[in-house]
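This report describes a predicted model. Please look at the sequence and structure below before reading on.

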Amino acid sequence: MYQYIIGVLKEVEPQYITVESNGIGYLMMVPNPFRFEHNKESEVKIHTELIVREDSHTLYGFNSRDEKILFKSLLQVTGIGPKSAMAILAASTPDEIVGAIEAEDEKYMQKFPGVGKKTASQIILDLKGKLGHVEASPEAPAVDDNDHFISEALLALEALGYSKRELKRIEKNLGSESFSSVDEAVKRGLKYLVQ
């Protein structure tokens, strides 16, 4: 229904962003909201996908057209719903995901929440050879405030399905490092979680 929305980024929360366009605030679920944090109060173009269910209409937003294509491709895989697809996209760049699929790297695919051996195999079986045109999404420029980045990253990881116990385990590791963005802290947290 909506290919993309251009508007002013008004809110960045752990699970979603809000973009105001023509007086309407569009709440969009995005893979890692903090990738957009540097654009707050600026005009953004968000590629979108509306998913209609019996009990909800949910608008999903993406940094790039390729990220949206990968999301839609993942939804075609048995056992992958929007929440799992978003968790996969939040944890890696599209080119890393495509690389793992093409290399038949089941272990890499199993690091995402809700993706076991069977689902990882199914992703590879269904998508190998079909995603060669997908490229990396743009990276956010740096901002500052390390403690803020870490606390927001932990909220984002919790929103992706990681437990408070798992997050407590990595909090000290994150605290010993410095980050230039929430996105960077989320990626580092994901690396610690899959070790």
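## Crossing of α7 and α8

Helix α7 passes helix α8 in a right-handed crossing. The axes of α7, which spans residues 164-175, and of α8, which spans residues 182-193, come within 10 Å and cross at roughly 120°.

On the α7 side, the contact is formed by E166, L167, R169, I170, N173 and L174, which meet A185, R188, G189, Y192 and L193 of α8. By residue class, this contact of α7 with α8 divides into six nonpolar, two polar and three charged residues.

## Annotated segments

An unreviewed UniProt entry places the feature "domain: Helix-hairpin-helix DNA-binding motif class" at residues 72-91 and 107-126. In the predicted model, residues 72-91 are 70% helix and 0% strand, with their end C-alpha atoms 17 Å apart. For residues 107-126, the end C-alpha atoms likewise lie 17 Å apart, and the span is 65% helix and 0% strand.

## Aromatic pairs

The structure holds four aromatic pairs. In one of them, the rings of Y2 and Y26 have their centres 6.2 Å apart and their planes at 70°, so the pair is edge-to-face. Because Y2 lies in the segment before β1 (4-12) whereas Y26 belongs to strand β3 (residues 24-29), this pair ties together parts that are 24 residues apart in sequence.

Notes. Residues numbered from 1 in each chain as written. Predicted model: local features only at pLDDT ≥ 70, side-chain atom pairs only at ≥ 80, totals over all residues. Heavy atoms only, no water. Axes fitted to C-alpha atoms, helices over the stretch in contact; angles between N-to-C directions. Helix = DSSP H or I, 4+ residues; strand = E, 2+ residues; numbered from the N terminus. Left-handed = near helix turned anticlockwise from the far one by under 90°. Contact = heavy atoms within 4.5 Å. Nonpolar A, V, L, I, M, F, W, Y, C, P; charged D, E, K, R; others polar. UniProt positions renumbered as here; feature names shortened; annotations may be inferred. Phe/Tyr/Trp six-rings, centres within 6.5 Å; stacked < 30°, edge-to-face > 60°.
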